[in-house]
Amino acid sequence: MIPRPNVLVCAGLDPAGGAGILADTRVIAELGGRPCGIVTTLTVQNTTGVTDGHVVDPNVVEAQLAFLLSDVEVRAVKIGMLGSASIAQAIALGLEATAAPVVWDPVMQPSRGELPPSEAWIADALIALTRHVALLTPNLRELEILAGGTLDTLATAIAAGRRVVDKLRIPVLVKGGHLGGDRAIDVLLDRDGTATEFDGARLPGGEHVHGTGCALSSAIATRLAHGDSLIEACRAAKAFVADRIAHAVHPGRGAAAIV
C-alpha cells in the first residue's frame, strides 16, 4: 500500500468548518493526502459570517512547527490565514526544516464578516515567507492589496498578477471566479512570464459558496505532494473545486460551503 503523503496546513480555525483548517484537512484527505496542521488564528464564526478573530501565540506556533517537522516529513505545505506578521515569521522559521513546496493562500480579509485590516502586517509577512513559497493564490481583493488598483476584468487582474510576480519573484495564480461572465478562467503566471490559462464553465451561485479559496490552495498542495507539476496541480485542483461547488453543502442557515 502506497503511504499517503503528509501535507502540512497552517491556517485559521472556522468553527463551522466551511473554510480554514477544518475544510483544508477534508480536502487533503479526500485527495489522498494525510493532513497535519497548526492553527494560526481562532475566529468567532458561523455560516452567516465572522465577528471576531484571535491570533494564536506566535511562540506556540513556532514551537509546534519545530517539534512537528523534527519528526514528520511533509511533502507539501498550505498556508492560509495568518493574522499577524509575528505568525508569518514563526512559520518562516519552521519552514527552514523542510524543502517541501509551499502554497500560500494569503487570506487577509474573510469573504463574510470583518476582521482587523491586514495592511499593517502583510508587508512584513511577505518579507518573512516569500522565499519559501512556490505559489501564491490571492483572491481579487487580496490581489488588489498586493498589487494596487481596482480589478474588474481578467485583463486587469492578470496585469496585477504580473506586478506581484515581478516584485516577489514567485508564481501567482490569478483567480477569475468573481469576475463575472460565462467562463471562470484562472491564469497561472510563472516567474519567466509564462501564462497558463485554466478555463471552466461558471457555475450559477458559485461565487457565494464559502471556502473555495481554501479548497483550491489545499488541493494544489496535495497534488504537488503526489508529485504533480505546478501546472498539473492547478489544473486538477480547479476541476476538483468546480465539482465541489456543483455539490456544495448547507451546514447552517447562512452561506453554502464547498465541503
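A crossing of two helices is left-handed if the near helix is turned anticlockwise from the far one by less than a right angle, and right-handed if clockwise. The model is predicted, so local features need pLDDT of at least 70 and side-chain atom pairs count only at pLDDT 80 or more, while totals for chains, interfaces and linings use all residues. Residues are numbered from 1 along each chain as its sequence is written, and side-chain values use heavy atoms, without hydrogens and water.

Select α5 (140-147) and α6 (residues 154-168). Helices here are DSSP runs (H or I, at least four residues), numbered from the N terminus. α5 passes α6 in a left-handed crossing. Their axes, lines fitted to C-alpha atoms over the stretch in contact, come within 9 Å and cross at roughly 50°. α5 is therefore oblique to α6 (not under 35 degrees, over 145, or 65 to 115; angles run from 0 to 180 degrees between N-to-C directions). Now show the side chains: Leu140, Leu143, Leu146 and Ala147 in α5 meet Ala157, Ala160, Gly161, Arg163 and Val164 in α6, where contact means heavy atoms within 4.5 Å.

Next, select α1 (20-30) and α7 (212-225). The axes of α1 and α7 lie 9 Å apart, at an angle of about 40°, and the two helices are therefore oblique to each other. Their crossing is right-handed. Gly20, Asp24, Val27 and Ile28 in α1 meet residues of α7, including Cys214 and Thr222.
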